[in-house]
Amino acid sequence: EKLIVFGPLSSFAPWESEYEEIFGQKPESFRLSGEHTIDEKIDHLHSFDPNELTLCSYGSLNNLLPDIISFLRRFRTMVVLDEAHYIKNVEGGLTALNALELANNASSRIILTGTPAPNGYEDLHNLFEFIWPRKDLIGFNKYQLKDMSRSITPDDRVNKLIDNISPFFVRIKKSDLKLSPANENDPIKVQMGPYQKRIHDHIESLVFKNLRETESSFSRKLKKAR
């Protein structure tokens, strides 16, 4: 009956335009973002007939969790986590815990991510916990997954993990999208104007002065990047 998508604010417009391209009509959508007051957001989530498409940031998920759960309990809703790496924290991060709380109340669930496991196999734990909250799809707990990530020798458990999860995901390659070749243009170098250069040089001198006077992990990173 309803579709609610969680993602960064930059994903909202693409979801609306893709909806129109697929279904041939503009969606009746509501954005749970800063363009609405908190009361307007709550009114939408408790409405008797809310818009078909709801777009929600992960920040609003944390602020409106009880209201969103109420919404899911009243309507058969597909929940999509866009940029789902936001929920990969297995150490009790608020966004991850709240997303997993939603899973039990959603009629269907989809996750989208281009970086499913950037740090280790444990990054997969919450993703598949969300996809099927009452079933152990992975077959390994988060501590076993961490141990597999640390292993420096071939680990038979990895093949078992791949077998377990392979029926539940699809990988879309760039070649599948039939994109046009990239158009690479040579950069055009433009010299700074006098006012720009004065501002730039002033800020640069302050940064370097701070780097010389302080020693922290942040300043060390800046020194490497300067």
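How many aromatic pairs does the structure hold? In this predicted model, the structure holds 4 aromatic pairs. One of them joins Tyr19 and Phe23 in a tilted arrangement, with 4.7 Å centre to centre and 50° between the planes. Both residues belong to helix 1 (residues 12–23), where they are 4 residues apart, about one turn of the helix. Tyr19 is buried, at a relative accessible area of 11%, whereas Phe23 is exposed, at 54%. Another pair, Trp132 and Phe168, is edge-to-face, with 5.8 Å centre to centre and 80° between the planes. This pair links distant parts of the chain, 36 residues apart: Trp132 sits in the loop between helix 6 and helix 7 (142–150), and Phe168 in the loop between helix 8 (156–165) and helix 9 (174–177). Trp132 is partly exposed, with 36% relative accessibility, and Phe168 is also partly exposed, with a relative accessible area of 34%.

The largest nonpolar core comprises 38 residues, and Phe6, Ile68 and Leu81 have the most contacts inside it. Leaving aside residues up to four places away in sequence, Ile68 touches Ile4, Phe6, Leu45, Cys56, Ser60, Leu61 and Leu102. Another core, of 6 residues, lies apart from the largest one and includes Val5, Phe12, Leu55 and Val80.

Helix 5 (residues 94–103) packs with helix 6 (residues 124–131) at an angle of about 25°, and their axes are 8 Å apart. Because angles under 35 degrees count as roughly parallel, helix 5 and helix 6 are described as roughly parallel to each other. Ala96, Ala99, Leu100 and Ala103 of helix 5 meet Asn126, Glu129 and Phe130 of helix 6. The contact of helix 5 with helix 6 consists of 5 nonpolar, 1 polar and 1 charged residues.

Terms used
Residues numbered from 1 in each chain as written. Predicted model: local features only at pLDDT ≥ 70, side-chain atom pairs only at ≥ 80, totals over all residues. Heavy atoms only, no water. Core = buried A, V, L, I, M, F, W, Y, C linked by side-chain atoms within 4.5 Å. Buried < 20%, exposed > 50% of the residue type's maximum accessible area, 1.4 Å probe, protein only. Contact = heavy atoms within 4.5 Å. Axes fitted to C-alpha atoms, helices over the stretch in contact; angles between N-to-C directions. Helix = DSSP H or I, 4+ residues; strand = E, 2+ residues; numbered from the N terminus. Parallel < 35°, antiparallel > 145°, perpendicular 65-115°, else oblique. Nonpolar A, V, L, I, M, F, W, Y, C, P; charged D, E, K, R; others polar. Phe/Tyr/Trp six-rings, centres within 6.5 Å; stacked < 30°, edge-to-face > 60°.
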